[in-house]
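Q: Could you help me learn to read a few features of a structure, one at a time? I would like the general idea before each case.

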Amino acid sequence: MSLFGTNTGFGSGGTGVFGTTTTDSHNPMKDVEVTSPPDDSISCLAFSPPTMPGNFLIGGSWANDVRCWEVQDNGQTVPKAQQMHTGPVLDVCWSDDGSKVFTASCDKTAKMWDLNSNQTIQIAQHEGPIRTIHWIKAPNYSCVMTGSWDKTLKFWDTRSPNPMMSLQMPERCYCADVVYPMAVVATAERGLIVYQLENQPSEFRRIESPLKHQHRCVAIFKDKQSKPTGFALGSIEGRVAIHYINPPNPAKDNFTFKCHRSNGTNTATPQDIYAVNAISFHPVHGTLATVGSDGRFSFWDKDARTKLKTSEQLDQPITACCFNNNGNIFAYASSYDWSKGHEYYNPQKKNYIFLRNAAEELKPRNKK
Amino acid sequence: MPVCNFFLQGRCRYGEKCWNEHPRGGRGGDFRGNQQPSRGGFGNRVWINPSQRTSGDYIQPSSFSHSGNNDWSRGGGGGGGGGGGTSQDIKSSDFSFSSQNRFSALSSHSHSDKGGQNTADDNAKHVDTIQKDMEIWQTSGQWPFSCYSALNGQISGFVELSPEELRLEYYTGQASGDLQTYMNSVQQLANQWRSRVQELRTMSSSTQISVISELNNPSSSTSTQGFVSTSSGFSSTASGFGNTSSSSSGIGVGGFVSSAPQSSSSFSFASSKAVFGESNTQQAPGAFAQPSSGFAASAPSVASFSFAPQATENKASAAAFNSASAFSFKSSSGGLGTGFSSSAPTNSGFNQSSAFASSAFSGATDASHSAGSLFSAQSDLTADELKEFTAKRFTLGQIPLKPPPAELLTV
């Protein structure tokens with residue numbers, strides 16, 4: 001459908017700003033580059049939902065801005081609009097009808113951006129930076145869920161300045177995902193809480209983390225009937241845990257796998273271990289993509305427990321990724337994620353967002 | 001024939017060819033489907049069975065066990081690299097009893113429940129696991145500011161900070177023009193991490209004792225809540241030092257002190273100087289009632305308590321700066337040694353065999369009346385505290401939190 005197979009508008013290697021066309025390693029996969037990327041690290045990406053025609057990509061960055069691009073079928077990206085916060089933007093999400101975008105920022109507020117009018121209003125306030133924001137659409141209510149470093153999870157009706165509900169968490173929220181009727185929040189100190197969202201959000205279960213180190217990203221996956229059935233949890237230690245909520249045989253069904261490490265089978269030299277920065281599930285195939293601080297992305301089939309593909313190494317870590325609503329486009333952002341501290345931060349270094357045709361590479365390995 | 005121990009654990013490599021005896025019926029251990037409701041303290045503590053449940057059909061009342069951490073063993077068509085392979089650990093420990101098979105404890109049915117297990121074995125395995133993990137952590141270049149847990153529960157002494165939090169601190173520091181605070185605190189955190197990792201890796205006997213007691217007694221473990229964000233505050237922890245401590249605590253600077261009794265709570269950073277105090281919780285965690293303390297917010301005067309001026313490095317942490325860590329958090333200024341509690345009066349508290357060292361004395365509570373004062377007036381102390389101070393030695397469990405009165409100090 002979308003013709004991202006060959007690069008049309010954008011050449012490989014040089015960005016066109018520089019005259020040379022050396023294939024420097026900023027785009028070794030020769031994917032389509034998005035025009036006008038943000039000036040600082042991209043923290044989050046989100047594609048528009050299927051209710052809206054076309055593909056629109058939203059990206060939030062550490063330059064305090066949120067940008068919107070239209071991604072056309074021929075691969076061209078057209079910058080459409082931009083909004084600002086007063087602090088770095090950490091998470092973005094779309095409403096279910098595709099008319100609004102919600103943005104969460106370190107300035108402790110979350111805003112609702114009406115794309116038609118290009119206006120924003122503040123809809124949420126926390127005591128600490130807001131790390132995650134998700135739109136919840138239930139049969140009997142709709143709200144925005146914000147998770148913050150102030151250890152609370154709040155639910156906002158966008159019309160009211162006070163939260164509809166506020167839930168206390170054991171620690172700072174580090175990542176979250178929502179697929180109605182389930183929400184998963186991973187916090188600091190290896191906290192992991194599952195919420196159920198029917199009628200009203202309530203804590204369903206606290207789970208002992210299958211991972212030994214800090215949680216970094218989480219993504220819910222669905223079963224064959226499109227019901228959320230479990231989640232994938234990534235940590236800073238190059239490991240992802242696949243966890244089902246109610247598996248028939250937990251010992252066999254739940255597992256962890258290592259990823260984003262160097263030196264695959266050579267155990268003589270110590271491995272470099274990189275953080276898993278984001279996980280996304282393909283909306284159609286159910287396979288997943290992970291992106292890491294090593295500057296690679298990988299595709300996996302969790303049912304067949306195999307790796308489908310690993311990319312070449314980019315020269316910067318990959319900080320965010322997402323699939324579009326029909327699974328044809330995989331977007332990933334190449335920018336510094338602070339995994340090595342401030343010494344490796346170069347504000348002059350260009351940040352990129354790449355788009356890749358995801359229809360073929362993410363097909364599951366064996367149909368069971 | 002001698003009985004094959006590996007077979008009993010379910011992992012004999014030779015199978016039928018094994019020269020040792022494989023008793024049928026003694027082998028319980030190949031499947032790991034134990035319905036253990038929770039694994040260790042962490043799970044127990046926070047297990048919640050909500051009373052209300054709606055009818056979403058993925059929600060079922062059964063509990064499930066968490067023991068299914070099988071490493072993803074074979075990537076079918078995948079390329080090399082991350083996906084496959086057994087863990088590095090198993091390789092080296094194939095023939096050792098203190099194995100990396102974390103589930104051997106759970107899987108052998110010859111012991112019906114964990115109570116029947118030989119806990120010494122368990123502990124040895126845990127210690128071994130921890131050591132190996134520390135080694136990997138040091139050499140791999142992975143993010144240092146992360147919590148860490150061994151099989152049972154979390155090991156204390158690690159600050160949990162996400163890269164985003166650190167980055168935000170940098171940006172706010174940059175905006176306010178004061179990056180030095182950021183640099184200092186990062187340096188301090190890095191030092192603390194290095195020393196803690198090294199301590200756990202070398203695992204002296206006292207570290208071992210404290211770690212094991214922590215694992216077996218999860219309620220005593222302190223969780224360091226690394227961060228409370230403000231516009232300028234930046235949290236840091238001061239670690240235990242050398243080999244005697246197992247946990248770290250920190251200091252709250254004005255406004256943030258949420259001191260939970262056992263856990264070292266969030267702390268924020270004094271603006272210009274690093275102020276450390278620390279206390280150690282060892283086998284007797286109850287001994288030090290309040291590891292954290294509150295200070296008045298005005299930074300420089302707080303430094304009256306600091307005994308770690310930038311210049312001094314403490315010997316323990318100096319030893320801990322091994323270059324094994326591939327992670328470079330370079331220090332731009334002279335590093336602040338991790339807080340070393342040589343508090344004013346005596347240094348003799350550092351007794352490796354005895355469980356504690358002199359602890360942080362600073363003013364106790366949020367109300368923080370000891371704002372900046374090093375000693376308390378005798379009238380400020382309760383009778384008990386006065387008794388402690390005048391006694392020859394402190395009694396564990398009753399060590400006063402307020403600083404001693406100047407009059408009692410004999411130097």
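A: Gladly! Let's start with polar contacts: a polar contact is a pair of N or O atoms within 3.5 Å. Bear in mind that this is a predicted model.

Q: Which backbone atom lies 3.0 Å from a polar atom of the side chain of Ser235(A)?

A: That is the backbone nitrogen of Glu237(A). Ser235(A) itself belongs to strand S19 of chain A.

Q: Is Ser235(A) buried or exposed, and why?

A: Buried means under 20% relative accessible area. Ser235(A) is at 0% relative accessibility, so Ser235(A) counts as buried. Setting aside residues up to four places away in sequence, Ser235(A) touches Leu211(A), His213(A), Gln214(A), His215(A), Arg216(A), Ala275(A) and Val276(A).

Q: Now the cores: which residues touch the most other members of the largest nonpolar core?

A: A nonpolar core joins buried residues such as Val, Leu and Phe through side-chain atoms within 4.5 Å. Here the largest one has 40 residues, and Val184(A), Val194(A), Phe231(A), Trp338(A) and Leu166(B) touch the most other members. Elements giving two or more residues to this core include strands S15 (182-187) and S16 (191-196) of chain A and helix H6 (163-176) of chain B. The largest share, 5 residues, comes from H7(B).

Q: What is Val194(A) in contact with, beyond its neighbours within four places in sequence?

A: Among its contacts are Val184(A), Phe204(A), Ile207(A), Phe231(A) and Ile245(A).

Q: How many residues are in the second, separate core?

A: That core has 18 residues, including Phe155(A), Leu167(A), Met169(A) and Tyr195(A).

Note on methods. Residues numbered from 1 in each chain as written. Chains lettered and ligands numbered in written order. Predicted model: local features only at pLDDT ≥ 70, side-chain atom pairs only at ≥ 80, totals over all residues. Heavy atoms only, no water. Buried < 20%, exposed > 50% of the residue type's maximum accessible area, 1.4 Å probe, protein only. Helix = DSSP H or I, 4+ residues; strand = E, 2+ residues; numbered from the N terminus. Contact = heavy atoms within 4.5 Å. Polar contact = N/O pair within 3.5 Å; in protein donor to acceptor, adjacent residues only side chain to side chain.
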